[in-house]
Amino acid sequence: MRTCLVAVNSNSVNSSFNIECGDATDANFEKYNLSRGSVAGILTLDTVADYLPRRGPLKQRRTGIAYIANVAVRKEERRKGIAKMLVQEAEARARSWGCRSMALHCDVNNVAALRLYRNQGFKCIRVPEGAKWPEPKIAKGAEYNFMMKLVPKA
């Protein structure tokens, strides 16, 4: 399963935001006059587990884990709780998919993102020395923390 959550600035007067799911063709985006400035942030979530270690001798994909592949908030919309809303909605979506936990990779130098994820219950998971875990496609030399959290039952 995959989805893209989009924070749409629905009212420029009072800066209220709505979270929509999917892409522009299947989500409820037509009710917005989507201009370049109306999209405040995005989050992509999937259960494909491309960046999680495989299980067993057959290297089977893990199940029951939702992976946050990307979170981005427009620079002028930061510090308004948009990323927090997106992560909370992603957790609700993961729960509805039957996932037991969530995972992500976070740049070790992105202090604001690390604080956000820790405040949302994510913990850094130490990757075993010499482990052949898949890594996200990142810039050369960038370091990332692997973080996980349990998805609480409703």
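1. Strand 4 gives seven residues to the lining of the largest pocket, the largest share of any element. This pocket belongs to a predicted model, and its volume is about 860 Å³. Of the 32 lining residues, Val71, Ala83, Asn110, Ala113 and Leu116 are the closest to the centre of the pocket. Strand 4, helix 1, strand 5 and helix 2 (111-119) each give two or more residues to the lining. By class, the lining has 18 nonpolar, six polar and eight charged residues.

2. The second largest pocket holds about 270 Å³ of space. Its lining is made up of 14 residues, and those nearest the centre are His105, Val127, Glu135, Tyr144 and Phe146. Here 10 of the lining residues are nonpolar, one is polar and three are charged.

3. Strand 5 (residues 101-107) deserves a look of its own. Six of its seven residues are buried. Strand 5 runs parallel to strand 4 (residues 65-73), and four bridges join the two. In one of these pairings, isoleucine 65 has serine 101 as its bridge partner. Between strand 4 and strand 5 the chain passes through helix 1 (residues 82-96), in a β-α-β crossover that is right-handed.

4. Strand 5 also pairs with strand 7 (residues 144-150), this time in the antiparallel sense, over seven bridges. Leucine 104, for instance, has methionine 147 in strand 7 as its bridge partner.

5. The model has five salt bridges. Side chains of opposite charge can pair when their charged atoms come close. One of the salt bridges links arginine 93 and glutamate 89, with an N to O distance of 3.9 Å. Both residues lie in helix 1, four residues apart, which is about one turn of the helix. Arginine 93 has a relative accessible area of 23%, so it counts as partly exposed; glutamate 89, at 28%, is partly exposed as well.

6. What does glutamate 91 pair with at 3.2 Å? The partner is arginine 95, and these two residues of helix 1 are again four residues apart. Glutamate 91 is buried, at 11% relative accessible area, whereas arginine 95 is partly exposed, at 28%.

7. Glutamate 91 has a further salt bridge, to lysine 149, at 2.5 Å from N to O. Because glutamate 91 lies in helix 1 and lysine 149 in strand 7, this pair ties together parts that are 58 residues apart in sequence. Both glutamate 91 and lysine 149 are buried. Through shared partners, Glu91, Arg95 and Lys149 form one network of salt bridges.

Key. Residues are numbered from 1 along each chain as its sequence is written. This is a predicted model: local features need pLDDT of at least 70, side-chain atom pairs count only at pLDDT 80 or more; totals for chains, interfaces and linings use all residues. Side-chain values use heavy atoms; hydrogens and water are left out. Buried means under 20% relative accessible area, exposed over 50%, partly exposed in between (1.4 Å probe, protein chains only). Two strands pair if DSSP finds at least two bridges between them. A crossover is right-handed if, with the strands pointing away from the viewer, the path from the first strand over the helix to the second runs clockwise. On a 1 Å grid over the protein atoms alone, a cavity is a set of points where a 1.4 Å probe fits but cannot get out, and a pocket is an open set with protein on both sides within 12 Å along at least five of seven lines; lining residues have an atom within 4 Å of a point. Grid points are joined across faces, edges and corners, and a volume is the space filled by probe spheres set on the points. Ala, Val, Leu, Ile, Met, Phe, Trp, Tyr, Cys and Pro count as nonpolar, Asp, Glu, Lys and Arg as charged, and the others, Gly among them, as polar. A salt bridge is a side-chain nitrogen of Lys or Arg within 4 Å of a carboxyl oxygen of Asp or Glu.
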